[in-house]
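Welcome! Take a moment to turn the model around on your screen, and then we will walk through it together, beginning with a single residue and ending with the whole chain.

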Amino acid sequence: MTKSEAHILECIAALPEADRRRLVKHLIDTNSDQKSIFETLTDEQRAHLREGIEQAERGETVDAEDVFVRLKQRIRSSGA
């Protein structure tokens with residue numbers, strides 16, 4: 001948790017209970033209309049996501065450092 005997040009929680013905890021309840025209700029009401037990212041994906045995008053998750057679960061991953069090295073080489077070779 002960041003210092004900012006901790007400070008926000010401290011401020012919320014210092015509020016009177018009625019205000020905390022109103023704040024929670026407001027947050028729930030504000031976010032209830034929003035769809036999750038998963039809900040906005042197309043069937044094809046969901047399939048790709050599932051495939052990627054399954055690959056990761058099987059250990060079929062590439063080290064992030066290797067990915068960045070490859071990207072850097074690709075950018076240099078493209079002249080960008």
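**Who sits beside R46?**

Leaving aside residues up to four places away in sequence, R46 touches F38, E39 and L41. Please keep in mind that this is a predicted model.

**More about R46**

- You can find R46 in helix α4, which covers residues 43-57.
- Is R46 buried or exposed? Its relative accessibility is 18%, and because buried means under 20%, R46 counts as buried.
- The side chain of R46 also has a polar contact with the side chain of D43, at 3.1 Å.

**The fold as a whole**

- How many helices and strands does the protein have? There are five helices and zero strands.
- Reading from the N terminus, the order of elements is α-α-α-α-α.
- The protein is more spread out than a compact globule, because its radius of gyration is 22 Å, well over the 12 Å that the globule rule gives for 80 residues.
- Along its principal axes, the C-alpha trace spans about 60 × 35 × 30 Å.

**Surface and burial**

- Of the 80 residues in the protein, 1% are buried.
- The protein exposes about 7,500 Å², and 56% of that area is supplied by carbon and sulfur atoms.

**Charges**

- The protein carries 13 positive and 16 negative charges.
- What distance separates the mean positions of the positive and negative charges? They are 4 Å apart.

Definitions and conventions
Residues are numbered from 1 along each chain as its sequence is written. This is a predicted model: local features need pLDDT of at least 70, side-chain atom pairs count only at pLDDT 80 or more; totals for chains, interfaces and linings use all residues. Side-chain values use heavy atoms; hydrogens and water are left out. Helices (H or I, at least four residues) and strands (E, at least two) are DSSP runs, numbered from the N terminus. The radius of gyration is taken over C-alpha atoms; the globule rule is 2.2 Å times the number of residues to the power 0.38. Buried means under 20% relative accessible area, exposed over 50%, partly exposed in between (1.4 Å probe, protein chains only). Accessible areas come from the Shrake-Rupley method with a 1.4 Å probe; for residues, only the protein chains shown count as cover. Lys and Arg count as positive and Asp and Glu as negative; His and the chain ends are not counted. The place of a charge is taken as NZ of Lys, CZ of Arg, CG of Asp or CD of Glu. A polar contact is a pair of N or O atoms within 3.5 Å; within protein, one must be able to donate a hydrogen and the other to accept it, and residues adjacent in sequence count only if both atoms are side-chain atoms. Contact means heavy atoms within 4.5 Å.
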